[in-house]
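User: I'm new to this structure and would like to learn how to read it. Could you take me through it feature by feature?

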Amino acid sequence: MNNNADHKNTIQFSSRKAASPAFTKLYSEGMALVEETAAYLETEGREEAKKLSRVAATLYAAESMRLTTRLMQLASWLLLQRALNSGEMSEDQVRSEKDKIRLDTNSSNKDVTAWNELPEKFTDLVRRSLRLQARVRTMDDGKDVSEYPSYSQDNPVLNQVNLLKTAFGSN
């Protein structure tokens, strides 16, 4: 990790924010999203993927890999941070492990051919994982994630506003 491009994509732990209620909430939401996504991809998602056109099925497969990679990186960050908070790992141990974590897994452009053919539940999981990634990066940068309300299926308009806030860094 000698060049600056690699350094800006690595994780910087912010211990003062990590023990906060915001981290606890983020941890719970993150791990729940990992479980929900795994369950979906193993059951309903598998069945929905079989019904897709060839182009959409290829996109689904590629995006599924990105989604699972993103969520595993997020889960790793959350677990390392929790281990640091609880004293299970020292800061030096966490620093050594964190170099392996990357929070820059993007998604396909929503304008790509066949994106609109993907199952709605799947694209919702992708959006939520990107939102979680943005919140983790915000916390990692030492900023307060409580200003970004968590994802809620109850209010799609608020969810879109919050996604825009996250994307453009506005409050």
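Predicted model: local features only at pLDDT ≥ 70, side-chain atom pairs only at ≥ 80, totals over all residues.

User: Let's start with the fold. How many helices and strands are there in the protein chain?

Analyst: The protein chain has eight helices and zero strands. Read along the sequence, the pattern is α-α-α-α-α-α-α-α.

User: What should I look for on the inside? Which residues of the largest nonpolar core touch the most other members?

Analyst: Here's the general idea: in soluble globular proteins, nonpolar side chains tend to be buried together. In this model the largest nonpolar core has 34 residues, and Y60, W77 and F122 touch the most other members. The elements giving two or more residues to this core are helix 3, helix 5 (54-86) and helix 7 (120-140). Helix 5 provides the largest share, with 11 residues.

User: Let me zoom in on F122. Which residues does F122 touch?

Analyst: Leaving out residues up to four places away in sequence, F122 touches Y40, L41, Y60, E63, S64 and L67.

User: Now helix 7 itself. Is helix 7 mostly covered or mostly uncovered?

Analyst: Mostly covered, with 16 of its 21 residues buried. You can check its length too: at 1.5 Å a residue, the 21 residues of helix 7 should span 30 Å, and its end C-alpha atoms are 30 Å apart, which agrees. Helix 7 is followed by G142, which has a positive phi, near 90°.

User: On to the aromatic rings. How many aromatic pairs does the structure hold?

Analyst: A pair of aromatic rings is described by the distance of the centres and the angle of the planes. This structure holds three such pairs. Take F23 and Y27: their ring centres are 6.1 Å apart and their planes are at 40°, so the pair is tilted.

User: Where do F23 and Y27 lie?

Analyst: Think about helix geometry for a second: an α-helix has 3.6 residues a turn, so residues three or four places apart point the same way. F23 and Y27 both lie in helix 3 (residues 21-42), four residues apart, which is about one turn of the helix. F23 is buried, with a relative accessible area of 4%, and Y27 counts as buried at 15% relative accessibility. Together with W77, F23 and Y27 form one aromatic cluster.

User: What about charged side chains? How many salt bridges does the count come to?

Analyst: Side chains of opposite charge can pair when their charged atoms come close. Here the count comes to 12 salt bridges. In one of them, the side chains of K121 and E36 meet at 3.5 Å, N to O. That pair links distant parts of the chain, with K121 in helix 7 and E36 in helix 3, 85 residues apart.

User: Which other residue forms a salt bridge with E36?

Analyst: R128 does, and the closest N and O atoms are 2.7 Å apart. R128 lies in helix 7 and E36 in helix 3, so the pair ties together parts that are 92 residues apart in sequence. R128 counts as buried, at 12% relative accessibility.

User: Which residues do salt bridges with shared partners join into one network?

Analyst: That network is made up of E36, K121, D124 and R128.

Technical notes
Residues numbered from 1 in each chain as written. Heavy atoms only, no water. Phe/Tyr/Trp six-rings, centres within 6.5 Å; stacked < 30°, edge-to-face > 60°. Buried < 20%, exposed > 50% of the residue type's maximum accessible area, 1.4 Å probe, protein only. Core = buried A, V, L, I, M, F, W, Y, C linked by side-chain atoms within 4.5 Å. Contact = heavy atoms within 4.5 Å. Expected span 1.5 Å × (residues − 1). Salt bridge = Lys/Arg side-chain N within 4 Å of Asp/Glu carboxyl O.
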